[in-house]
Amino acid sequence: MEKKKLLEVINLETHFTTEEGTVKAVDNVSFTVHRGETIGIVGESGSGKSVTSLSAMRLIPNPPGKIVGGQILYYPLEGEPIDLVKLTEEEMQGIRGNEISMIFQEPMTSLNPVFTCGDQVTEAIKLHQNASNYEAKIRALELFEKVQLPTPERIFNAYPHQLSGGQKQRVMIAMAMSCNPDVLIADEPTTALDVTVQKTILELMNDLKKEIDASIIFITHDLGVIAEIADKVIVMYKGKIVEQGSALDLFTNPTHPYTKGLLACRPPLDYRMSRLPIVSDFMDVEMDADGNRTITEKEASLEEVIESVKVKPEATKARMESLMAKEPILQVKGLKTWFPTERNFFGKVTKYVKAVDDVSFDVYPGETLGLVGESGCGKTTLGRTLLRLAPAKEGQILFQGKDVLSLNHSDMKDLRRDMQIIFQDPYSSLNPRMTIGNAIMEPMQVHGILANDKERKEKVVELLETVSLEARHFSRYPHEFSGGQRQRICVARALAMNPKFIICDESVSALDVSVQAQVLNLLMELRQKFDFTYIFISHDLSVVKFMSDRMIVMNKGKIEEAGIADEIYSNPQKAYTQKLIAAIPKGKTEDIISRLG
Amino acid sequence: MLFYTTETYLGMIRYIVKRLLYGIGVMVAIVFIVTSIIYNASVDPAEMTFGQRADTGDIEAKRKELGLDQPLYIQQLNYLRDVSPVSFSSDELNKKYQPILSIPLGNKQLVFKLPYLRESYQSGYQVSKILKTKVPRTAILAFFAIFLATLIGISLGVIAALFHNTWIDNIAVVVSVLGYSLPSYVTAIILALFFAYYLGDYTGLSVTGGLTTLNDSGDEVIVWSNLILPVLALGIRPIGIFTQLTRSAMLDVLSQDYIRTARSKGLSTFKVNFKHGLRNALNPVSTSITGWFASLVAGAFFVENVFSYDGLGLETIRALETYDIPVILGVVLFMGATFVIINILSDILYAFLDPRVRLS
């Protein structure tokens, strides 16, 4: 049966006017979506994938953005194709939410906090389908049922902040599906969620795809996710489509070097690597004065690159033995961090959240200990408690033999110099009004490291170079940097203290897979160079496994399973660990073949 | 339709009780600080009650009568005993207190009463009576001013935000900056001069005048037109502030992800801006409005003085000039209580407007 065309994007050009000149966010992009098809658009931040989809919704913020050329043809079931680019705003309002609807990346902020979830879903139904309040409510409850929300009636009356991230995203999906749209655009719908929740959302979308007659445009930076859902894949790089084809072809036989880079940079699960391959292993990009890029492909094949960085199991074993031979640098015994949640009338605590509940472990010098679990499992609180950024209720923390919990103020200051933490969000952990040079220098001044500012400045430049930035970046402000660069700056700031021990709290979770690989490689290099000890906290088991010698799986404040990272992965003992491992998108060709039948 | 738990209610009540206790602490502190300042001034309040012709004996007697010969801390404690709704009392004091309930305890009594604010040194009227007649006049003034400011300020703010970076936005910003930069007594004088003095023949407004006046047959009648200029003078600063606040809140809200969601549903621009946008932008503005209402009661003092509007402000200035301590203390305490209560109310209002605040 010949598939019917549904959406045809022809030579789309969307430009943004900035102070530095015009940015071609979408540059001559053409593709076709057929009825019943799921298209994956993949690329890193700034590749134009989101702008393409927002162009189709005509939701490009104007100014600064504008669709300057091309057509977006929508083929309704009956009648002539409509060019969405030419519609007036009023005509477009009839299409949005009705014919084409969209699910956004951030379920936390994409729902209006002052209206109930029910209100927000029925709003679109009442608008497009002339339904009464009662009919709209019945329909909304049906949809909640369909997206597998527990107790639909309760969710209907709940405000967004009362739901978990996964539940909010289900509400968003229900909202997007409420008027039986022809096209469902999902813009990174699972990126902000835990892997386990991501898996359930992906399963839901696959189920819904069979049930409703909609096409899905699924946008993501992670090829692993694409493998779980898409029939056809479009790879975008800097506003252009560099490769498109069926999912199977793309995974078995990628032709463009950028695609190869994206495929290779995901942390592998079945073997150990000394470093992750990155996009620049496959291609060089040169930009001329006019901003035109020339891409030169390198000779290396995907297999060759991966083979060159693989680590032999014997080497891993030898490393473990030499690590464990030393005395532990950090010993944690029976640690509890409880937060009060309910108080009686007189303010006496009647209920606690046991964020960390009786946790004991050792960390050896030079080792990387991974800490993995879903959001809310207590891993972040544990990391903060070690630095006394969260109050411990009971237990003991010994750092180099000293009892951390009983240190006085000035000893604590010394400890905070030796133990550094790198936070999750590189966007909010840098002061926007401070140049990055000063941001790195500030803790050195506080702790009186080096004699004067001149020496400190030299040190900062050296640090910037260590994290692959340049001396000229010293006097720039955070907004001038990309997410990956900002996280490097945060790393440099931590390094400024000459620490022995670094806690990385979800340090790469906010980054694209391709950028994540670069930051992970940097952390690995630094470990070798300075002999750091890390505690690496993440919800992503594949990342933790890549980084760690040993790992701890946490669940509900307690240690579920602990041991050598490779062994836990290959032979998980607990159901919870197995669930975490199963949830990771593997991006394997066998899976695509079995999914597509 | 909301699912409050018992804990939420308990938490709310505990919070309010706590705030009220703090409020009482604030009031006690006000009494001590203000009395310390007034009683240490080089003016003798007793002397002030006599005017020009007084001999030392009379003044001495008056000092004794008013209790001004006592050490400061005794006077302060006595005052506290008088204003506290619960205090120990004697039969003699009870004549002034007129307690609601009194429990005999030996030769003293534990009484529950309305705060006794004493009597004016000058007129001899009870301070609570004075407050009762003057407060409503100032409250009307402040109420109309805040109403005007809310209406105009929010409208201007919304318009400025919707026309962001255009000339309309620029004008709104300039006007609002000008509005809140001018002290209210300056605006008051400018308005009085312009609309009542120069243009008085056309506008029919008078330069000075209170809310009420006596008509030909000797009855007290309300002159609403005397409110116009004081309300304008008082309202201009909050208009400026509310415009700025609404504008920045609205700009912030319009850039939020949920606005994009609302647009992606196909809602009309009007619904996106007002239902989803303004409703969220109003949360911070509304708490500021309640907060400003309390400040306006205070700001009214200057404006009332310029227009000779016979409200609380004019009365207070009269009291200050004559060192009428009970009136001064009464007004200050009343203002303090107003601030405490309005701040608690504005917190409750915020919890009502923003569902996210309710649970925490």
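Which residues form the covered face of strand β1 (residues 86-89) of chain B, and which the uncovered one? I started there. This is a predicted model, and I kept that in mind throughout.

**Entry 1: strand β1 of chain B**

I sorted the strand by face. Ser87(B) and Ser89(B) make up the covered face. Val86(B) and Phe88(B) lie on the uncovered one.

Next I looked up the partner of β1(B). I found strand β3 (residues 108-112) of chain B, joined to β1(B) by 4 bridges. The two strands run antiparallel. I then checked one end of the pairing. Val86(B) stands opposite Phe112(B) in β3(B).

**Entry 2: chain B against chain A**

I turned to the interface. On the chain B side, 29 residues are in contact with 37 residues of chain A. I noted a buried area of about 3100 Å² between the two chains. Carbon and sulfur atoms account for 59% of that area.

**Entry 3: polar links across the interface**

How many residue pairs are in polar contact across the interface of chain B and chain A? I noted 12, with both residues at pLDDT 80 or more. The salt bridge count between the chains is 2. I looked at one of them: the side chains of Glu123(A) and Lys265(B) meet at 2.7 Å, N to O.

I then asked which elements of chain B supply the side that touches chain A. Helices α1 (6-39), α11 (257-264), α12 (269-307) and α15 (355-359) each supply at least two residues. By class, I recorded 11 nonpolar, 8 polar and 10 charged residues on that side of chain B.

Key:
Residues are numbered from 1 along each chain as its sequence is written. Chains are lettered from A and ligands numbered from 1 in the order in which they are written. This is a predicted model: local features need pLDDT of at least 70, side-chain atom pairs count only at pLDDT 80 or more; totals for chains, interfaces and linings use all residues. Side-chain values use heavy atoms; hydrogens and water are left out. Contact means heavy atoms within 4.5 Å. Buried area is the accessible area (1.4 Å probe) that two parts lose on being put together, summed over both. A salt bridge is a side-chain nitrogen of Lys or Arg within 4 Å of a carboxyl oxygen of Asp or Glu. A polar contact is a pair of N or O atoms within 3.5 Å; within protein, one must be able to donate a hydrogen and the other to accept it, and residues adjacent in sequence count only if both atoms are side-chain atoms. Ala, Val, Leu, Ile, Met, Phe, Trp, Tyr, Cys and Pro count as nonpolar, Asp, Glu, Lys and Arg as charged, and the others, Gly among them, as polar. Buried means under 20% relative accessible area, exposed over 50%, partly exposed in between (1.4 Å probe, protein chains only). Two strands pair if DSSP finds at least two bridges between them.
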